Amino acid sequence: MDDLMQTVLQESRVEQSRLERYTREAALIVGEENLSDSKADLLATCRDYWPVTTVWMGEGKIPALPQLVVWPHKTEEVAGLLALAEKENIPVTPYGEGSGALGGVIPLKGGITIDLKKMNRVRWLDEKNLLVNVESGLNGALYEEQLNRAGYTGGHFPQSLRCSTVGGWLSCRAAGQFSTRYGKIEDMAVALEAVLPDGTIFEGKGVPRTATGPRVDHLMLGSEGTLGIITAATLRIWPLPEKRHLVTYTFDKLEDGLEAIRLFMRAGTRPAVVRLYDPQETGNHFPELGDQVCALVLLVEGAQKIVEAEASVIEDCTRSLGAKNAGPEHVEHWLEKRFNISVASMLFQKGAVLDTIEVTTNWHNAHSTYRAMQEALIGVESTMLASGHYSHVYPEGAALYMTTVGFPGEDKVSYYKKIWQAAMDACLAQGAAISHHHGVGLHRGNWMAEEHGAGFFVLQKIKSALDPNRVMNPGKLGLGEVQKWAR
Amino acid sequence: MGQVNMEQLLNCAYCPNMCRNECPVVQALGREAVAPSGKARTAALIGQGYLEWSEEMLEAVANCLACRGCTIHCPFDELNLCDELLFSRIPARNKGVSLPGIEPYLNNLRKYSSPYGQKTGSVIKRHQDPEVLVFNGCTSLANNPASIEAAASLLEKAGVSFCMIEEDCCGYPAEAWGDLELACQLACENKRKFTETGASILVTNCPECWSVFNNRYPGWEQTLPLQIMDGPSYFLQLIREGRLKPDLEDPGAGNEFKVSYHDPCIWARTAEKIDEPREILRSIPGLLLKEPAAFGTGTRCCGGGSMFQLSFPGTASAIARRRLDEFPGNTSIVTACPFCREGLLQNGYPVKELVELLDQYCK
């Protein structure tokens, strides 16, 4: 890379002779045309959408660079590449479309980045069993488009739908905006095909449930490339819905909105979209509702008779908490704008540090966790905004999504660390879990031991057993190898 | 002259690529460096002085079809990334860095005023006091004279007083390859020739030419003193006026035949000519229009935009094949762009231009 750019997090790099040997042998596996050490390719895969890397980009800094990018086309090639990497002790970072928000694809120790975007086929679609088998490098929007053409939906609509891959969803235990009806990605993943660091390919059976010990393929869910590489998955699909019911309710108090949701979930309804905004976010997203009420945006879909019944139960539950029906138009507005995150680019250019922090709580502490995190974020000097909404709900609780914006002046990275420390402290003190669907990546690894307690030891043992040379995505999930990035 | 708008370029560079599913290049290549934000980041870092132009960097930034697929979902109303990437890479030429494979074409452009070399397919037709000047474009002249004959035939049938002249390139390829001086020279010469014809309307069936006449010539201080019309709109106007009557049965076909229309990117997304070509097609007796998976403003590029195929022929072919997969089976493909016809044709699918089909059915 040009001397004009400085790397900030590079822990180490593979010496040239070993890398050259790897490159020669890797070319025999994938073909020379599927390898690159071009500066443009190395630079492009050195980051994801972690706000810190965006701050650094504005300062002409690079987090860390891979030394080689490789594009496999099939699972057997991934197996060959990983076995070779383990033999040569070359660090491997899997890459999808780089929409992660926590630095999960930064190649801290150089080595190779395996870009999976050429593994992008829908292998088969089984209409009888409502299953699809898809390779992990397929873009989310193109996956949904292919299903729609056949009359189905994958039911998974993260805000990153157009800039993330199926493999990325599985690796980070992603959630889509319609998760209350269709589930998180781990609920949709019936079986996974993956490659271990030694090149072993294994695949779970695409059957409804098993009682044959732990599902080892499901071990890869949320492993963020630290245990191996997910190469394909058998996922649930649904027929395109017959009917949609859109409605917004407003509540005077956030607690009332939460209670209404708890009641209709307890009653057995499963609206696809459930989003309860605090007054500040209600005012931002729906100015016509003002910033003194809490908007609950609901979208119910499926077979007409079921939708009508669910809508009726929901109406009863919300009315019992004093909600006002604000009609369907705010949901239509949300549907239209739900992928628009332009404000982030504009705020970064104005010197802001903006981030979103999602956690997950039970009903008993859903509101207190919001209060505690909001107070903690506002308490950090230079914070201008700390707002929140609940956007994925379950019979036992809800995910809380906090948004914070600050203008810290010169030392943006220190400010970033402070807001995260404050937010994580508040979350852990409430007994909530530190992530619902963004995953861990590099940065959240700082709190993994506190999050899991003794369970983290189990995760470390699994890592050591499956990846004894520690070549897979070094430094992620809090599994060590990080010197240059700490709280 | 086009200048980089760094604020807009950074809006894209700081965005997580919410448009990448509609970028045919990254979907065909799978390379992060050619995703829309990937290109914007590289261009912005170079523009800010953090990186320098090299062949590798230019190859990545120029991997753009100017199809504006990235605008379909772009949240920034004022951002035209394709233009920003083009403007940003113009200085590369001054640093001695040029695109792969284009030097012979650029030399042709300088010597013969056509990227394809000495013009062999020129069709000069002239009515006295022509109302319409037809600008065919280098690609039709070089590769598909039949479409030029068809356009002339239609105009004759409609009784339009028109002319076709010895054409020079519109100048767009020169700009795309970083030679703005040459682009302006060609524009200046075109303006002189167009003015001399005395025509009041310029009709072109080439979207690239239409776009450069409308969107570049004013900035190059060569605003044309003619009304500039796209081919589909003009020929539809002739049908609506009853001057063209597509009522002949095709002697070689049955009573009903299926056609899919491939929307050229510029006609669909820049000129917003979605209904016009379809209305022409529906006016043909027995024609059944079947849409591909992506159409209208959501159309996907054939791989032939922005002279891309001359620098990146392998990628252009891969993009064309992906596009062909989106068409329903057992249909003929019709388009209204010489580049689209060429791109799809070279991948083994017979493709006609709209004027060719229309002429076949008009008395």
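In which loop of chain A is the place of A:Gly409? In this predicted model, A:Gly409 sits in the loop that lies between strand 20 (397-406) and helix 15 (412-430) of chain A. A:Gly409 counts as exposed because it has 9 C-beta neighbours inside 10 Å, and a residue is called exposed when that number is 12 or fewer. The C-alpha atoms of A:Gly409 and A:Ala175 are separated by 34 Å, and these two residues are 234 residues apart along the chain.

Chain B holds an open sheet of five strands, in which the order is 1-3-2-4-5 and the pairing is mixed. Strand 1 (125-126) and strand 5 (227-230) of chain B stand at the edges of this sheet, and because each has a single partner strand, one side of each is left without a neighbour in the sheet. Strand 1 of chain B runs antiparallel to strand 3 (residues 162-164) of chain B, and two bridges join them. Within strand 3 of chain B, the residue that stands opposite B:Lys125 is B:Met164.

The two chains also touch, with 32 residues of chain B in contact with 38 residues of chain A. On the side of chain B that touches chain A, at least two residues each come from helix 1 (6-13), helix 3 (36-47) and helix 4 (55-61) of chain B. The table sorts the residues on this side of chain B by class.

| Class, side of chain B that touches chain A | Number |
|---|---|
| Nonpolar | 15 residues |
| Polar | nine residues |

Definitions and conventions: Residues numbered from 1 in each chain as written. Chains lettered and ligands numbered in written order. Predicted model: local features only at pLDDT ≥ 70, side-chain atom pairs only at ≥ 80, totals over all residues. Contact = placed C-beta atoms within 7 Å. Helix = DSSP H or I, 4+ residues; strand = E, 2+ residues; numbered from the N terminus. Nonpolar A, V, L, I, M, F, W, Y, C, P; charged D, E, K, R; others polar. Pairing = 2+ DSSP bridges. Buried ≥ 20, exposed ≤ 12 C-beta atoms within 10 Å, placed from the backbone.
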